[in-house]
Amino acid sequence: MEGKLKRFGFEVSEKTEKAPPGYSIKGVVSFLNKITNEDDRRLTISLGLGDPSRFKCFRTTAIAEDAVIEAIRSAKFNSYAPTGGIFPARKAIAEYLSNDLPYQLSPEDIYVTVGCKHAVEVTVKVLARPEANILLPRPGYRNYETFANLHHLEFRFFDLLPERGWEVDLDAVEAIADENTIAMVIINPGNPCGSVYSYEHLSKIAETARKLGILVVADEVYGHIVFGSKPFVPMGVFGSTVPVFTLGSISKRWMVPGWRLGWLATSDPTGLLQKCGIADSIKNVLGPAPLSPTFIQAAVPEILQKTTEEFFSKTVDILRAASSLCYDKLKEIPCITCPLKAEGSMFVLVKLNLSLLEDIEDDMEFCLKLAKEESLVILPGVTVGLKNWLRITFAAEQPSLEDGLGRLKSFCERHEKKP
């Protein structure tokens, strides 16, 4: 085999060999689904992925469906889209985001991507340069780490503080930053924590980034999906303090992750990113990149401008009730601690007390045995950067969620360490 590899000119690079260990969310969830007990007559319940579109109660609005159908039937959007997206889509996204900002974004500030994950990769490729590093939250969305490793951008972790509602440890950010730090990432509303950052905390993040001379990458794919005491405040509000990359999509708020329509917006009213060539770099990276389907882009103005508040309110009400149900049920399980009742997104992050359980070594083994014994799939915390924690998705129909949490309780009681 070695000879054949050399013959074809294949060689594993040193950087590839030293890739950080980890697990992809989809890979782990897929594996857990496969190992569920085939003899279990109960349906498998998956609380592992943030894809509520699988449930009828989270069907997208008819306005979005009709907009796509109209775009297809018009036969005007069967060709390739231009790099960065068609103008009507970019204009509509700029107007949509500007509704929450103290300044106006222009279509030139918007770059359409193939979902938010693509926006993450574009961001990393744009920022990657020799010796540079980027600061990532822990726990967090591991694709930032994956793409940074792939594009040879050093990454360093700062902690989120569960005792403070998963706020950013800003002292840690300052401690790990240096002259080669180019950006820090925040995810708000939080995946995997279910947190929502206050205006005051976001202001402190902006001031810290300004002090360090770095930009902020704000992953707001769950923007406006909030149901606690704090409203959603976009990081772009502080664009005059520090330049911001805002990443988002229609995937979560409209419940259509499979439509693959996201964006990268440069929230930079001072024009600093334009002056230093970042805007040109984004265009260069997007040049050879895949394009979001043109007919989905064509539907964006209708989707963003005409979706009713009633649709959004219904979704938020369902998630608020689901979050409360999840929190209350988890409190009944001694080996699980929930530091924060989820206030946003679709997830809650809970800590395992393995000292109260028998025959379970870590969070991965917990989830493996849970899948086999209870046909219940939840995500081990190691996949989001925290070992011996669990991420539970509560974006499910109430009967499924109740059943799943009941199975979780039964599993923990069965494995409870005997006195």
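User: Which residues does UniProt give for the feature "domain: Aminotransferase class I/classII large"?

Analyst: Good place to start! Keep in mind that the model above is predicted. The UniProt record, an unreviewed entry, places the feature at residues 46-396.

User: How is the chain divided into domains, and how many Å separate the centres of domain 1 and domain 2?

Analyst: Domain 1 is made of two stretches, 1-58 and 310-415, while domain 2 covers 62-306. Taken over C-alpha atoms, the distance between their centres is 25 Å.

User: What area do domain 1 and domain 2 bury between them?

Analyst: Let's look at the residues first: 36 in domain 1 are in contact with 33 in domain 2. Of the area buried between the two domains, 64% is on carbon and sulfur atoms. The total is about 2900 Å².

User: Which residues of domain 1 lose the most area to domain 2?

Analyst: Three residues stand out here, and together they make up 21% of what the domain 1 side buries. They are F312, E343 and S345.

User: Which residue of β14 stands opposite K351?

Analyst: K351 belongs to β11, a strand at residues 347-352 with five of its six residues buried. Strand β10 (residues 336-337) runs antiparallel to β11, joined by two bridges, and there T337 stands opposite K351. β11 also pairs with β14 (residues 389-393) in the antiparallel sense, over five bridges. In β14, the residue opposite K351 is W389.

User: Why is C335 not in a disulfide, and how many disulfides are counted?

Analyst: A disulfide needs two cysteine sulfur atoms within 2.5 Å. The closest cysteine sulfur to that of C335 is in C412, and the two are too far apart for a bond because the distance is 3.4 Å. For C367, the nearest cysteine sulfur is also that of C412, 10 Å away. The count of disulfides is zero.

User: Is C367 buried or exposed?

Analyst: A residue counts as buried when its relative accessible area is under 20%. With a relative accessible area of 1%, C367 is buried.

User: Which residues of helix α7 are buried?

Analyst: Helix α7 spans residues 143-150, and H152, with a positive phi near 60°, follows the helix. The cover over the buried residues of α7 includes α6, β3, β4, β6, β7 and β8. Those buried residues are N143, Y144, E145, F147 and A148.

Terms used:
Residues are numbered from 1 along each chain as its sequence is written. This is a predicted model: local features need pLDDT of at least 70, side-chain atom pairs count only at pLDDT 80 or more; totals for chains, interfaces and linings use all residues. Side-chain values use heavy atoms; hydrogens and water are left out. Buried means under 20% relative accessible area, exposed over 50%, partly exposed in between (1.4 Å probe, protein chains only). Helices (H or I, at least four residues) and strands (E, at least two) are DSSP runs, numbered from the N terminus. Two strands pair if DSSP finds at least two bridges between them. UniProt positions are given in the numbering used here, feature names are shortened, and annotations may be inferred rather than shown by experiment. Contact means heavy atoms within 4.5 Å. Domain bounds come from an automatic or database domain assignment. Buried area is the accessible area (1.4 Å probe) that two parts lose on being put together, summed over both.
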